[in-house]
Amino acid sequence: MDQADAPAETPRPFAHLQQPGAPLYRAIMGTFVQAKRRFIVHLRPEDIRAMLPDHGRTPAESPSLDGALASLEHWGNLRSDPDTSRVTSVEEFRRARYLYQMTDHGQAAEDALQTYEAALGRRGSLQSVALDDIAGRLRELHTLASSGTPEPGATHLALRTLVDRFEDLAANAQAFMSALARTIDVQDAEADAFVAYKERLIEYLERFIKDLVGTGAEIARLVEQIEDLGVDRLLRMAAERDTRDTAPGPADAGDTADAVLARSLALWRDRWQGFRAWFIGSAHHPSQAMVLRGQARSAIPRLLQVVSALHDRRSRRSDRAADFRALAQWFAEAPDEDAMHTLWRSAFGLQPSRHLGVDADTLEARAYDPVPPETPWADAPPLLISPRLRRTGSYERRGRPAQVLDRSLARRHLAERAAQEVRETARARARLATGGPVRLSDVGTLEPAEFRLFLGLLGDALAAKPLGARTVEVSTGDGAMAIRLSECDAAGPEAGESGAAMAEIRTPDGILRGPDHIVEIRDLTAAPTGVAGPVGDEAPLPEFARRGA
Amino acid sequence: MAGSLTDALAQSRDDERRRAARAILRRPLLRADGPDAESFALVQRHSAHLRAWFHTHAGWSLLVTPELARLTKTMDADGPGAHTHPAVTARPRRPFTRRRYVLACLLLAVLSRADAQITLGGLADDVLLAAADPDLAATGLEFTLDSRAQRGDLAAAVRLLIEYGVLSRVAGDEDLFVEDTGDVLYDVHRRALAGMLASARGPSTIATAASSGPAERFAERLARLTFEPPAGSEQLGDERIRRWLTRRLLDDPVVYYDDLSPRARALLDGRRAALTGAVADLTGLVPEVRAEGIAMVDPDGTLTDVRMPEGGTDGHAALLLATHLATVDVPVQVAELESLIRSRAHGFAAQGFWRRGAAEPGADRIIVRTALDRLEALGLIRRGRGADGEPTVQPRPAIARYAVTAPAADGVMELPGPEDPDTANPEVEHSDAGHPGTALAVEDQPAEHSSRHTEEHAR
């Protein structure tokens with residue numbers, strides 16, 4: 001035993017909390033606290049052992065009771081006095097015997113620890129009632145401030161109560177918000193409780209937010225009104241009354257009544273400032289009430305998230321994992337492959353439905369000639385299966401001819417023909433464009449394509465020629481060509497030469513004869529040359545006209 | 001006029017309902033976004049009708065939330081074809097192995113505790129941790145991520161979950177993970193995860209006696225997983241059987257009378273028209289009622305995961321085997337079928353009808369196994385073992401649908417007798433283009449094996 005009668009060094013009453021045997025130390029100190037509640041001051045080790053909740057089950061690694069007591073004494077939690085009571089055996093007598101009691105340090109440490117634990121365990125609450133009280137006291141203060149001579153007692157009381165309630169409110173609010181944060185980080189075990197609790201919690205938060213908005217605004221208004229009326233007067237009054245109550249301290253030269261009063265007044269002013277800041281924010285510092293309201297408000301969606309997360313967690317019920325593990329085991333122990341496949345189907349039921357097929361022809365055959373239900377399969381007509389499939393193993397589509405014909409070849413042929421026609425027409429046009437008036441009889445020989453086009457033009461012109469008119473000009477329906485047709489003057493020089501007003505156009509298919517005309521054909525699509533050639537007799541003859549001439 | 005318009009509207013509504021019902025039957029878990037979006041919208045639009053129908057007729061629950069639609073296809077017991085619905089890998093479609101099943105379950109277990117996003121690497125770590133569970137380790141399965149194959153297993157399980165919408169890929173590719181050169185990021189879809197299990201009871205609530213052997217223990221587990229408490233009254237019992245029959249008609253290719261209890265058989269006999277009619281109305285399937293059972297056959301051929309007939313090597317082989325088996329009534333040795341396929345494979349492969357490698361040694365076994373898987377899945381055969389322990393195949397009645405028969409009414413051509421199995425194997429090619437109306441291959445006289453062989457070589 002390494003204990004001394006009194007701790008040699010400074011007491012370290014919290015040291016035991018950090019030691020390996022902390023639970024035992026705490027339990028021992030607990031017995032002293034308990035004993036003290038019963039007004040017992042001294043305890044013998046036997047008493048302590050009897051009072052320890054789990055004295056029979058002290059873990060092997062923790063120090064023995066005697067050792068623990070000695071250590072506690074060493075740290076200054078306990079003090080020992082020699083025990084002089086009678087004993088009944090030699091061994092007992094020889095053993096050092098002590099009576100233990102708590103030191104002041106030990107007592108203070110226990111008190112502190114109790115407060116600590118109480119604070120940790122506190123769930124906190126948001127106090128709507130406190131808000132009401134605060135508003136009530138403020139109204140009272142307002143009345144007092146409004147009166148010319150406020151009654152100091154009432155003022156002091158009102159301020160005191162205000163401070164108490166406010167401190168309560170602030171501490172509680174803080175505790176509540178931290179408790180809420182803990183709640184939201186909910187554990188599996190608490191899930192059920194939480195889900196049951198969340199409705200009430202949300203309702204509670206909503207009510208508090210509402211009160212904070214309503215009452216908080218009133219409080220802020222009152223605070224400002226009171227300040228306008230002069231709050232310092234009231235604070236001074238309270239400070240004076242506080243000072244009068246203070247017990248005279250130890251004779252201390254500097255501690256005059258004035259100084260005490262000044263200190264007290266400063267304290268009251270601080271309190272008021274704090275109070276003010278709680279409810280009235282500035283542009284840069286939102287009021288505490290506002291912050292709290294924001295927190296409470298944001299807690300609601302977070303709570304709802306937790307609820308949905310819990311539901312989610314619930315949908316992965318923990319025994320699912322166990323089910324799958326059990327199945328893994330079963331598969332591992334299945335006697336053969338068939339058993340595994342059977343188990344797969346039975347446990348998961350994911351197999352597709354499976355049916356034999358039937359083709360339309362067979363169905364039709366059956367519709368004509370129904371098979372009686374009592375026919376054995378062997379006697380019923382079998383399925384109609386394509387001989388090709390039976391022979392080669394590859395399908396041919398039965399009974400359904402291809403409905404969409406492949407016309408790409410024909411289409412290509414048509415396209416080629418169209419292109420050919422376009423080319424021929426263009427060539428014919430180019431050949432026919434006379435570039436100026438030409439005698440029909442000078443046209444001479446034309447290729448079939450040229451002739452077809454020429455004939456069409458002539459027909460158009462003649463059809464359009466009014467009766468008795470000598471000249472007509474038309475353009476074709478597609479606007480590609482224009483023809484000007486004039487009857488020849490018998491007195492024309494060429495007419496005289498040829499001696500007949502008849503023209504002849506030769507083609508490979510035959511000869512066209514008719515009264516001679518002067519024609520002028522223009523290709524309107526080939527604009528420049530067509531337009532450039534002015535209508536005049538001196539225009540150069542086109543190639544075929546020259547040939548013909 | 002107004003009447004016809006109303007009729008037209010009603011018909012279009014019925015059509016839509018039918019498509020919605022088929023969509024949810026084909027994929028019992030539909031996600032609202034992604035490739036299922038169109039089907040989901042249909043199901044959502046008709047959810048009230050479908051929910052009522054499935055509940056009343058089949059006792060299945062349909063859940064439609066904004067995120068997904070889930071038809072919980074509970075199965076009362078392991079029916080005759082229960083093992084033919086394995087989880088499959090996407091490409092190529094191959095049944096899951098034990099390792100992959102276990103990994104898929106462990107993934108689901110890990111995911112049910114995971115956050116909203118996770119990487120494949122993170123999943124892998126968690127799965128390895130879960131796989132280290134002593135009970136699981138005691139079964140002898142070991143999980144590491146050292147080899148490419150092991151990572152491939154994990155990737156396959158993850159892809160399955162992606163297919164069902166539990167995970168969706170945000171970035172990366174599983175192939176990179178398999179090559180050990182990259183990681184993948186996923187979103188976890190909790191609703192889809194919660195909708196995965198369809199069993200009436202949570203497997204973790206089922207404990208079994210440790211003393212029994214593995215097979216008995218497994219059977220007991222399965223029974224308790226699908227257990228339904230006994231019906232309170234005769235009438236409720238009938239009701240339950242009615243729903244059970246409807247489920248079979250909805251989900252199974254063929255319902256054989258042999259597989260039914262006497263009571264179910266009696267009930268089906270009495271209410272066959274009502275039961276098949278209800279299913280036909282909902283789905284557009286057509287009842288094919290025969291002496292041995294009922295098949296709800298599909299004119300569309302889309303409401304199934306296994307098609308028959310189908311093109312391609314495996315489809316063709318299945319058709320060949322079916323035509324062969326349709327003519328026999330006794331169990332056939334698998335070895336016999338293998339030699340049958342082996343004798344044809346060379347010719348088909350040489351002509352380019354079958355995939356390359358189909359004629360290689362050993363390929364016949366795989367082809368036959370795949371084909372038999374298909375036939376078994378469709379309720380056309382039953383596998384067994386002969387007296388000598390050799391694997392055998394017992395044809396079931398509906399396989400006769402695939403027989404080659406004479407179009408007797410036409411009398412167009414002379415046909416070999418149906419009792420000769422070889423006639424069912426049209427290996428000789430003729431120019432059949434001139435007979436478009438006939439549903440059978442034109443056959444030579446059945447050839448000897450040797451001559452057929454040379455013929456194929458000659459071609």
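**Exercise 1.** Work out how helix H4 (residues 98-111) of chain B packs against helix H7 (residues 148-163) of chain B in this predicted model.

*Solution.* Next, the hand: H4(B) and H7(B) cross in a right-handed way. Now look at who touches whom. H4(B) contributes residues including B:Leu103, B:Leu107 and B:Leu111, while H7(B) brings, among them, B:Leu154, B:Ala157 and B:Leu161. Finally, sort the contact residues by type: 10 are nonpolar, 2 polar and 3 charged.

**Exercise 2.** Find the edge strands of the open sheet with 3 strands in chain B, and say what packs on it.

*Solution.* Read off the order, E10-E12-E11, with antiparallel pairing. E10 (332-333) and E11 (381-385) of chain B each have a single partner strand, so they are the edges, and one side of each has no neighbour in the sheet. Then check one pairing: E10(B) meets E12 (residues 391-395) of chain B over 2 bridges, and B:Gln333 has B:Thr392 as its bridge partner in E12(B). Helix H16 (residues 363-377) of chain B packs on this sheet, touching E11 and E12 of chain B, and its direction makes about 120° with that of E11(B).

**Exercise 3.** Decide which stretch of chain B has pLDDT under 50.

*Solution.* Begin with the average: chain B comes in at a pLDDT of 82, with 85% of residues scoring at least 70. Then go to residues 407-459 of chain B, where pLDDT stays under 50.

Terms used: Residues numbered from 1 in each chain as written. Chains lettered and ligands numbered in written order. Predicted model: local features only at pLDDT ≥ 70, side-chain atom pairs only at ≥ 80, totals over all residues. Heavy atoms only, no water. Axes fitted to C-alpha atoms, helices over the stretch in contact; angles between N-to-C directions. Helix = DSSP H or I, 4+ residues; strand = E, 2+ residues; numbered from the N terminus. Left-handed = near helix turned anticlockwise from the far one by under 90°. Contact = heavy atoms within 4.5 Å. Nonpolar A, V, L, I, M, F, W, Y, C, P; charged D, E, K, R; others polar. pLDDT = per-residue confidence, 0-100. Pairing = 2+ DSSP bridges.
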